[in-house]
Amino acid sequence: MVDKRLIAVVGATGAQGGGLARAILDDPQGKFGCRALTRDPGSDAARALRDRGADVVPADLDDEDSLAAAFDGAYGAFCMTNFFEHFSASRETEQAEKLARAAKASGVRHAIWSTSPDSRHWVSPDGRPLPALADGYRVPHWDGKAQGNRFFTDQGVATTFLLPAMFWENLFMPGAPQQLQRGGDGVLAISLPAADAKLPGIAAEDIGRCAYGILQAGANLVGKTVGVAAEALTAAQLATAVSEALGEEVRCDELPLAAVRAAPFPGAAAVANMFQITTETNDDYCANYDIGLTRSLNPRLRTLREWLAATAPAVPTVTTSVGAR
């Protein structure tokens, strides 16, 4: 990595961070090198990155000293947190503060903070309230990250705020509310409380590639919020694309918000609030994501159909249900 600008990648063995780590390593003639941060440097994923030339180092989002040590000597840092590891928005905010302080202390010259929309800015056009959840949060998996934005600004870290859209992978993730499910009649269905709203989406790997494009853009995107999405599709369009890829019928079922709130999975009420915002303020919500800019950052950007053709995700084989059809 001599003469390379080292990028410290948080979550390098995961989805977003892994996409960035691979994008760096896929460009051996580029100006960046990869330092992969992970809690378990001995994992198979960490060893795979090391075998490709990454510098793999231990780090823990709850341990600021470990982050500062991992960031030391790095030109840039990709910073992210994962609400669904612990389901605590407050902990995410605390982790964001530790990341920002570590980046400042280590002299990081360009940070990317993977953030989310802020539900505090949401106003229902018809005056319907958005139910408050634990600790006053309404969409905890958004709000903890959104509240973390200020730490990067307050610390004076040159930061680009990356705003990823819904992951295509969530359609096939067991336990996710929008997961593709096979009903009692044997027909696959996507059940969403989205009506005719458009849902911006992107493959997780492409988020990492967009982050690489942001690093290449450098100062031009410092201080900017960059919302990345490959396309914005309705639930019916999602179902059609998946149906074509799988070669079998995929039904689109409208799911009431009340059914999502009552569903037996962690964070169900937060997900319901997220979809309430997405559907009731759909034009404003979609405006957060710039598909043209996304493609300029990542010329390899894939639509849902292209991602499905290349990925062949696992299809559910058991009957499941999130709510009444």
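E205 and R22 form a salt bridge (a side-chain nitrogen of Lys or Arg within 4 Å of a carboxyl oxygen of Asp or Glu), with their closest N and O atoms 2.7 Å apart. This pair connects distant parts of the chain: E205 belongs to helix α6 (residues 204–217) and R22 to helix α1 (residues 16–25), 183 residues apart. Helices (H or I, at least four residues) and strands (E, at least two) are DSSP runs, numbered from the N terminus. E205 is buried at 18% relative accessible area, while R22 is partly exposed at 28%. Here buried means under 20% relative accessible area, exposed over 50%, and partly exposed in between (1.4 Å probe, protein chains only).

The model is predicted: local features need pLDDT of at least 70, side-chain atom pairs count only at pLDDT 80 or more, and totals for chains, interfaces and linings use all residues. Residues are numbered from 1 along each chain as its sequence is written, and side-chain values use heavy atoms, with hydrogens and water left out.

By the salt-bridge rule the count is 16. Three of these pairs are tabulated with their N and O distances.

| Pair | Closest N and O atoms |
|---|---|
| E205 and R22 | 2.7 Å |
| R47 and D44 | 2.2 Å |
| D185 and R251 | 2.9 Å |

D185, in the loop between β8 (181–182) and β9 (188–192), and R251, in strand β13 (residues 250–254), are 66 residues apart and link distant parts of the chain. R251 is partly exposed, at 22%. Shared partners also join E64, E97 and R101 into one salt-bridge network.

R47 is partly exposed at 38%, whereas D44 is exposed at 58%.
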